[in-house]
Amino acid sequence: MASVCVNDALTDDELRCVLSKLDRDKDKEVFSLVCKRWLHLQSTDRKKLAARAGPHLLGRLAFRFTQIVELDFSQSVSRSFYPGVTDSDLTVIAEGFRCLRVLNLHNCITDTGLASTGRCLSLLQFLDVSYCRKLSDKGLSAVAQGCHDLRTLHLAGCRLITNESLKQLSKCCRGLEALGLQGCTNITDSGLADLVKGCRKIKTLDINKCSNVGDAGVSSVAKACAYSLKTLKLLDCYKVGNESISSLAQFCKNLETLIIGGCRDISDESIMILAHSCRDSLKNLRMDWCLNISDSSLTCILKQCKNLEALDIGCCEEVTDNAFLDLGRGDVLGLKVLKVSNCPRITVKGIGKVLEKCKSLEYIDVRSLPHVTEVRCTEAGLEFPKCCKVNFSGSLTEPDVLLGYSGLP
C-alpha cells in the first residue's frame, strides 16, 4: 500500500483544526517544527505574543505573526530590558500589528510613540501604559482620538496626565469600561465630572492616591455610572467623605468592591446606609484607617451584606469585640478574607465569635492585636478552619483582593 503524505492529504483548514486541539503553547511550538508549511500555519494562527526585540526583529515578528491580537512588551522596573521599548519600536509595532486589541507597555515610551498607537491601531480595546512617566495629555489624546473602541485603559503612575485627557476620553471613547488612574495627582473633581459626561458605562474605576479628588468627583461618577459601576478604589483619597459614600449608596446598587482605606472622614452613618443599599451586591470592602468607624456600622455590614467575601478594618481603633458578639443565631458569614490588624480592642473572644460564624475563612490577619496571640488562641481552644492561613506576625503573603492595587481587568 502506497504511503500518503499528511501535507498532500490535508488542507490548511484541516491542519488548523488539528492545531486547535493542542492546549499547551509548547505543543504548538513543536507542531511548527515539522516543516515550513506547519510553521506558517502556527505563526498565522497565533493570537498572543510576549517579546523583547528591536525594530528589525519586530518587523520580522510582525511579518510572521500576522493575526496577533494581544502583545505584551511590558517590563518591570527591577528587570527591565535595556533600552526597552522605544518610540521608534512602537512605530514598528503600530504599523506591523494592525489587528492588535490588547497592548501592554509598562515603564517605557513617550508621547511620540503613543501617537503611533492612536494613528494605526484603531481596533485597540485594552491599553496598559502604567508608569510610563513621560506620557502627557498629548499622547493620551492621540490614543483617544484614534482608538474609539477602547474598553480598558491603565494609567497608574502617569503623573503628567491631567483632566484634559479625561475630556478627550469622554468625547471619543464612550465605551470605556475600566480606567486606572492610581497616583495621577493632577486629576480633580472637574476631570471626573467631564469623564462621565460621555463615559457612562464604567464598571471599574481606580483613583487610589488621587489626592485632589473629593466628594464632588465621586458623586459625579456615582450618578452617571449608577447601573454599571462595580469596583471603585479610593485608597488614601483623604478629601473623600460621607457625601461620596451616601451617593454610592443612593445610586450604585450593583457595587461589588469598594476601597476607602485612609479616607479618615468617613463615619458610621454613611457606612450603614451603604450596607443597607448594597446588601446584595457588596463582596469586597476595604476601610482600614477609617478612624471614625465603630461597632455599629461594622455589625450592620456583617448582618446585612450576606455576599461579603473580604473585609479589611485594620487600624480602626474604635472597633471592639461587640461588633462580632452582636451577631445573632441566623447571622452566618461568608467571609473568606478578614483583616483586623492594629485593632487593639479586639480580643480572643471576638475572634472566637468570628470563627463560630464564619466556616469558609481562608485568611485572617490578626497582627498587632495585644490580646490576640497564637498562644492565647491555643489556650482558648480556638480552632481555625483547616484551609485558613492565620497571620500573627506578617510572614504570610496577603491576598491581592484587598491590597488596593489589583482588580482592573
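## Asparagine 186 and its surroundings

Asparagine 186 touches Arg159, Leu160, Ile161, Thr162 and Asn163, leaving aside residues up to four places away in sequence, where contact means heavy atoms within 4.5 Å. This is a predicted model, in which local features need pLDDT of at least 70 and side-chain atom pairs count only at pLDDT 80 or more, while totals for chains, interfaces and linings use all residues. Residues are numbered from 1 along each chain as its sequence is written, and side-chain values use heavy atoms, with hydrogens and water left out.

Asparagine 186 lies in the loop between β6 (178–180) and α10 (189–198); helices (H or I, at least four residues) and strands (E, at least two) are DSSP runs, numbered from the N terminus. Although asparagine 186 and asparagine 163 are 23 residues apart in sequence, their C-alpha atoms are 7.2 Å apart in space. With a relative accessible area of 38%, asparagine 186 is partly exposed, a class between buried (under 20% relative accessible area) and exposed (over 50%), using a 1.4 Å probe and protein chains only.

## Aspartate 128

Aspartate 128 belongs to strand β4 (residues 126–128), and its contacts, not counting residues up to four places away in sequence, are Leu103, Asn104, Leu105, His106 and His154.

## Helix α16

Helix α16 (residues 348–357) is largely enclosed by the rest of the structure, because seven of its ten residues are buried. These buried residues are Val348, Gly350, Ile351, Lys353, Val354, Leu355 and Lys357, and what covers them includes α15 (322–325), β12 (337–339), β13 (363–365) and α17 (374–379).

## The largest cavity

The largest cavity is lined by Leu302, Cys305, Lys306, Leu308, Val332, Leu333, Gly334 and Leu335. A cavity here is a set of points, on a 1 Å grid over the protein atoms alone, where a 1.4 Å probe fits but cannot get out, and lining residues have an atom within 4 Å of a point.

## The chain as a whole

The chain has 17 helices and 14 strands, and 51% of its 409 residues count as buried. Among contacts between residues at least 6 apart in sequence, 76% join residues at least 24 apart.

Note on methods: On a 1 Å grid over the protein atoms alone, a cavity is a set of points where a 1.4 Å probe fits but cannot get out, and a pocket is an open set with protein on both sides within 12 Å along at least five of seven lines; lining residues have an atom within 4 Å of a point.
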